[in-house]
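Reader: I am new to this structure. Please show me how to read its features, one at a time.

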Amino acid sequence: MKIAVIGTGYVGLVSGVCFADLGNEVICVDKVASKIAMLRQGEVPIYEPGLRELIQKNVAAGRLSFDDELSGAVRQSDIVILAVGTPSLPSGEANLAYIEQAAQEIALAMNGYKIVMTKSTVPVGTNERIQQIIGQFSGYPFDVVSVPEFLREGSAIQDTLYPDRIIVGTDSVRAGETVVGLHRPLTDNIIVTDIRSAEMIKYASNAFLATKISFINEIANICEKLGADVTKVAEGMGYDKRIGSSFLQAGIGYGGSCFPKDTGALIQIAGNVNYEFKLLKAVVEVNKDQRFNVIAKLKESLGDLKGKTIGIWGLAFKPNTDDVRDAPSIEIVETLLAKGASIRLYDPVAMSTFKAVVNDPSLVWCDDPYETAEHCDALCLLTEWDEFRQVDLVQTEALMKQPILIDGRNVFSGEQIAITNFCYYSVGRPSMRRHVQEPILGTY
Ligand SMILES: NC(=O)c1ccc[n+]([C@@H]2O[C@H](COP(=O)([O-])OP(=O)(O)OC[C@H]3O[C@@H](n4cnc5c(N)ncnc54)[C@H](O)[C@@H]3O)[C@@H](O)[C@H]2O)c1
Ligand SMILES: O=c1ccn([C@@H]2O[C@H](COP(=O)(O)OP(=O)(O)O[C@H]3O[C@H](CO)[C@@H](O)[C@H](O)[C@H]3O)[C@@H](O)[C@H]2O)c(=O)[nH]1
């Protein structure tokens, strides 16, 4: 198949390169010319393990190319994939300006029958709006198919090549068969639905996963007060097949470009039809509070944070990505700055993306975990990069002014902590606390 992909963010780039790898001819388009120039030079604008190599392989094979001009790519293609952003408006609602603009540009470029396949996450009813726009600006036949994307950053290629399922939302048998055929090499588990249900499956899936995370974080907070261990609780719960073990890792809450945005959008989508999504509102509320437990633990161990030096290990919203969109680290660092703390930071790949969001001149950017720890009154681990798991904690402790470690992701084991003098806090594991008096929670 000949495919044009509109938008070279995570979704556009990864799905484009994976479809090329399956033998299709793919042109990835972005209106930001500098991104296309980078890609043409073999550079990748995002950090995603394995992506650079897969792009190089498929460019060399002549199956993958890049263009900053949409119309030529659309004209050459049978299928046009919409993978532009749908960021949040201040109200929480999805901003559909990029979708509407791209739909119009696609319509104006059409030169015959096209299938427009929407991979962007869009509110229920949006694909009908796309149909309307294309119909208004083009006289050519077309079908719009909703194929929501479920890849995770950091494991995006694996998720795309080995998906749990593919959802195809369509009102056209012809387009449905073509799109199912396109995905058949990836999985047999292809669910064909109407368009509105496909759109809702995406939001419901993200909202459910976010609910699991906020649920386990609240259990963790209660465990801290009751002396139970949330990691054991999650393990015990996870063996029940009806519950499952994934997305039960307690921590500092979820961030990223999807869960915060999509939970907010679903609350709005429900609100627009006069339904108050009470459960999801609580999930969002719990998530907003969870990150501040790090500050509460710092205050418990250090008292006033003014003038204290705090080291931050990890800035990305999760490991294996340089993405800091809605990362809990942003609000934690901003709160510490507001309280007068001095901050030393390190992340294996996300320092420059973080700098673009928070660039206070007082921040000290470090080259590794040990440099970060130097002269610190406390260290906070915010992202569970493997590099931090392998740190020598005895060496780290020796570099610090005071040995205080707030482990926001439950990375360290009892054995690792036992050989140190760290005053150690983790999440929902009160028995792991070392050199700490009463468990605390919540307010700061
Ligand atoms: N990031 C993820 O992990 C992920 C996973 C699943 C679904 N999604 C959804 O997929 C969509 C895209 O997400 P993303 O993170 O890849 O987005 P992104 O914002 O990082 O990238 C979108 C790209 O589209 C380009 N663009 C916008 N309008 C254009 C136009 N008219 N012509 C050409 N290019 C245009 C932008 O310049 C940008 O580079 C969103 O709806 C998101 O919710 C994202
Ligand atoms: O048990 C867990 C699992 C995740 N997280 C946090 O949740 C956030 C999101 O993690 P993850 O889902 O792995 O990453 P994303 O790349 O945001 O992927 C989510 O969002 C994408 C965009 O919609 C979807 O395609 C994916 O299916 C969905 O998992 C991160 O901050 C994680 O630290 C936890 O705190 N505990």
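Author: Start with domains: their bounds come from an automatic or database domain assignment. This is a predicted model, where local features need pLDDT of at least 70, side-chain atom pairs count only at pLDDT 80 or more, and totals for chains, interfaces and linings use all residues. Residues are numbered from 1 along each chain as its sequence is written, while chains are lettered from A and ligands numbered from 1 in the order in which they are written.

Reader: Into which domains is the protein divided?

Author: The division gives domain 1 (2-193), domain 2 (202-288) and domain 3 (289-432). Between the C-alpha centres of domain 2 and domain 3 the distance is 23 Å.

Reader: How many residues does the contact take from domain 2 and from domain 3?

Author: Two residues are in contact if their C-beta atoms, placed from the backbone, lie within 7 Å. Here domain 2 brings 22 residues and domain 3 brings 20 residues.

Reader: Which elements give two or more residues to the side of domain 2 that touches domain 3?

Author: Elements are DSSP runs, numbered from the N terminus: helices (H or I, at least four residues) and strands (E, at least two). On this side they are H9, helix H10 (230-238) and helix H12 (278-290). H9 gives the most, with six residues.

Reader: How do the residues of that side divide by class?

Author: Ala, Val, Leu, Ile, Met, Phe, Trp, Tyr, Cys and Pro count as nonpolar, Asp, Glu, Lys and Arg as charged, and the others, Gly among them, as polar. The side of domain 2 that touches domain 3 has eight nonpolar, 10 polar and four charged residues.

Reader: How do I read a nonpolar core?

Author: In soluble globular proteins, nonpolar side chains tend to be buried together. A nonpolar core is a set of buried Ala, Val, Leu, Ile, Met, Phe, Trp, Tyr and Cys residues joined through C-beta atoms within 7 Å. Buried means that 20 or more other C-beta atoms lie within 10 Å of a residue's own; exposed means 12 or fewer, partly exposed is in between, and C-beta atoms are placed from the backbone. The largest core here has 83 residues, and Ile6, Leu82, Ile106 and Val116 touch the most other members. Helix H9 (residues 195-226) gives the most to this core, 10 residues. Domain 1 (2-193) and domain 2 (202-288) both contribute, so the core lies between them.

Reader: Which residues does Val116 touch?

Author: Leave out residues up to four places away in sequence; then Val116 touches Val80, Leu82, Ile106, Ile130, Ile134, Phe142 and Val144.

Reader: Which residues come nearest to ligand 1?

Author: A residue is near a molecule or strand if its C-beta atom, placed from the backbone, lies within 6 Å of it. Around ligand 1 there are 28 residues, with Gly7, Gly9, Gly85, Ser120 and Thr121 nearest. Helix H1 (10-21) and helix H5 (97-109) are the elements giving two or more residues to this shell. H5 gives the most, four residues.

Reader: Where does the shell around ligand 2 lie?

Author: Domain 1 (2-193) and domain 2 (202-288) both give residues to the shell around ligand 2, so it lies between them. Of its 21 residues, Glu153, Gln249, Tyr254, Gly256 and Cys258 come nearest. H9 supplies the largest share, three residues.

Reader: In what order do the six strands form the open sheet?

Author: Two strands pair if DSSP finds at least two bridges between them. The order is S11-S10-S9-S12-S13-S14, with parallel pairing. Strand S11 (364-365) and strand S14 (423-425) stand at the edges with a single partner strand each, so one side of each is left without a neighbour in the sheet.
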